[in-house]
Structures are given as structure tokens and as C-alpha cells.
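Let's walk through this structure together, one part at a time. Have the sequence and the 3D view ready as you read.

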Amino acid sequence: MSIDHSARARMALKVDMVIIGAGQAGLSSAYHLRRLGLEPDKDFVVLDGSSGPGGAWQFRWPSLTLAATNRVHDLPGLKLKEVVDVDTGGRVPASVAVPTYFEAYEKTFALLVHRPVHVSVVCDRGDRLRVETDTGLFSARGVINATGTWETPYTPDYPGRDLFRGRQLHTKDYHGAEEFAGKHVIIVGAGISALQLLDEISSVTSTTWVSRREPQFRDAPFTPEAGREAVALVEERVRQGLPPASVVSVTGLPVTPAIEAMRDRGVLNWLPMFAKITERGVRWQDGTEIDADVILWCTGFRSSLDHLAKLHLREASGGIVMAGRLATQVAKDPRIHLVGYGPSASTIGANRAAAAAARELTSFLRVGEKSSP
Ligand code: FAD
């Protein structure tokens, strides 16, 4: 199917389903729809806003090597190591290895991802959903949303933010520690990324580490049971319509050899969050001040769902009530599945959730081999 730009003003291309996003969650969803007998560019289309394959992985900072990730789980049907030499390739930036893998994956399963195609609005047109994009309109009976979080960095608002004469940036815009040499950097956040960047930056310059909540280090090994428990806690929240919690808020911070080494280097001196930002740095409630040149906000991301706003899926609590076997189905509108949201916001979670979403949506729409009467 070539997207007929000339028709964009008049008609919407009719499909059964649209998958929005071609990262881990979107590709896994497309794979499972194919397995259920549906054909890309006939029964469903995959639309991705990025210009290249790899989802958010293509934008990760260069020092985040494959070996330094919390593991990139295989997509169904084709293992990472069948495409990337994970032994020597462990030192390869994830931003190179994972896009290479995803590109091979898309070709292997002929998933026909349309990119770059940005979905601006999904709205309800009675028995169908109108999907508006910068390259044309689609009319779908169901949507699998797999847009991740990378497009929605979260930076909390603190008094004095606009006064600061130094530089402020979010994890999303971090490209390496070297550029901070000779500067004093305040690192805000207690997640895994904050610790990774504290480790890198404290190796080239002086740092101060702060966060709202005291970091909870976990010495015990992160067993598969601990992983399942963490996912279950996040799943419980989204089934109640609460905003998904960050995974690390339920798992705690694993004490890795890198953390031990930081302890030995004396850089793990955590401080509570400052009260305000000044022209030269930050100030705590008790008047203590620290001058700084950079504030690096490692304060996470939010789900990129603005394009679904017209469907009014959110509760007053800010979350979306999720249902279905793995909490991918939007309870308010079973035509919509969110994969890579809440409990499935990880590579392994995205895989499992995608299989459930594909099965539940095809059976709800009564399409695909296993669902038609
Ligand atoms: P993404 O990979 O973000 O893909 C979403 C896709 O949707 C993108 O291609 C984007 O262009 C597209 N998109 C977004 N909005 C639109 C739109 N409106 N229209 C069209 N397309 C759109 N998880 C792990 O399992 N292991 C790790 O080691 C790990 N490390 C991480 C490190 C960092 C710094 C971060 C932020 C997250 C990490 N995660 C990790 C979580 C990781 O994001 C997920 O595991 C996984 O990559 C998310 O896949 P996804 O498909 O849900 O989203």
C-alpha cells in the first residue's frame, strides 16, 4: 500500500487496525498480528514517527552500550544474537546495535513499517477510529498504541528554574560526560539512568546527587520472582486507573559492581531535593546553597499519549483504567490497546503484552484466522 497523499483531503485509508509506534512494543504487536493471519498494509498498518528503525533505542546516549543496558530482550521470532554479535558487540552502543536488530526484524517478517509518519490525533467516529497523521488519514476499527515514553521527558517544576544562569538538560538530551569536564554538575533523580550518568560524569568532574525520595538500594539479586512482583505492582496501579509508577520505584536500585565502585569513590553522597533554584545553583530549605554550572534532570519520562487525548481515556487520577489479560486493553474503549504502557514498559514486558493485545483485539474485532467464526 503506498499512502496516497493526493487523497489525503478526501478519504481515509480503511484498515482493521493501526499500530502506532515501531519500537519493541509495536514490532512485537505487528509480529503477533501476522501470526494470527493478518497482513500488513492490508489488514493493519504500522506507523512510526522516527525516520529510522530502533524506536527510542536509536536516540540513547553513545556510552549506553548493549552490555550496560538492563538487557534488551529478544523480539519474538528472531533473537538479537542472530543479528548482532552480542559477545564482542557488548561494547557497541545500544543506539547502533538495537536499530540494526530492529531493521533486520522488520525485513525478516515484512512488517512494512511506514516512517516517518507522525500520528497527531486519534478520534472516535462511531464504529471507526480516525487516525490523523502528517502523511494522510486512516480509518481503523482498532488501534494498538506503542508510542513509548521517549517523546515525553518529565522535568519537575522548581521555583527559580528560569533564574539559573547555568545549563539545564534532561536525560533525553545527554550525549556524554566529556562536555561537563571542569563544571560542577547537579544530578537530579534516583533511577537507574541517574546512577549511570552520575557514574560517568563523576569520573570527569565534580557532582552533587539529589532526589526527592531517598534511593532504595537492593542488595538481593534481582530474581525473576522479584521482576514478576514488580510488574504485578505496576499492573495493579494501572488496573485501578492510576498513573504507572516507574519500575525502579517498585524494584529498588540493584547494587551492581559499578555502584560498589562509586561507593568506594565516594560519589554516592545522596542529598535530599533542594527547595529552589538560584541564579548560581540551588538552595535547600535550611539556606544551604551549592553553586553549579549544570543541572541534569534524570527525572524520567511519561507515556507519549497526547495524540489519544480526544478519546478522553484518562481518569481524574491521571491514569487510564486498563483491562485484559495483561492490562493492555483500555477498559473505557476495548478497541484501543496500549502496549509498552505501565507493566509492559520494558523490552520483555512489551513482548508479552503485544501477544496478548494482538489476540484480544483480533478476537474483539473478529478478524484474523483464529477469530473469524
Ligand atoms: P519506544 O522504543 O520508545 O518506541 C516508540 C516508537 O513510537 C518510537 O519509534 C517513536 O518514534 C514512535 N512514536 C511515538 N509517538 C508517536 C506518534 N505520535 N506517532 C507515530 N509514532 C510515534 N528497557 C529494557 O527492557 N531494558 C533496558 O535496558 C532499558 N533501558 C532503558 C534506558 C532508558 C534511558 C530508557 C528511557 C528506557 C529504557 N528501557 C529499557 C525501557 C525502554 O524504553 C523499553 O524497554 C522499550 O525500549 C520501549 O519500547 P516501546 O516500543 O514501548 O517504545
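Start at the ligand: one of its oxygen atoms lies 2.9 Å from a backbone N or O atom of Gln24. A backbone N or O atom of Ala25 also lies 2.9 Å from an oxygen atom of the ligand. At Arg71, a polar backbone atom is 2.8 Å from a nitrogen atom of the ligand. Taken alone, the ligand exposes 980 Å², and the protein buries 90% of that (accessible areas come from the Shrake-Rupley method with a 1.4 Å probe; for residues, only the protein chains shown count as cover).

Before going on, note that this is a predicted model, where local features need pLDDT of at least 70 and side-chain atom pairs count only at pLDDT 80 or more, while totals for chains, interfaces and linings use all residues. Residues are numbered from 1 along each chain as its sequence is written, and side-chain values use heavy atoms, leaving out hydrogens and water.

Which residues come nearest to the ligand? Of the 31 residues around the ligand, they are Asp48, Ser50, Asn70, Arg71 and Thr347 (near means that a heavy atom of the residue lies within 4 Å).

Now step back to the whole chain. Its domain assignment gives domain 1 (5-151 + 301-365) and domain 2 (161-216 + 252-297); such bounds come from an automatic or database domain assignment. Taken over C-alpha atoms, the centres of the two domains are 33 Å apart. Nine residues from domain 1 and 10 residues from domain 2 make the contact, meaning heavy atoms within 4.5 Å.

About 820 Å² is buried between domain 1 and domain 2, with carbon and sulfur atoms giving 55% (buried area is the accessible area, with a 1.4 Å probe, that two parts lose on being put together, summed over both). In domain 1, Trp61, Trp150 and Phe301 lose the most area to domain 2, together 60% of what that side buries.

Notes: A polar contact is a pair of N or O atoms within 3.5 Å; within protein, one must be able to donate a hydrogen and the other to accept it, and residues adjacent in sequence count only if both atoms are side-chain atoms.
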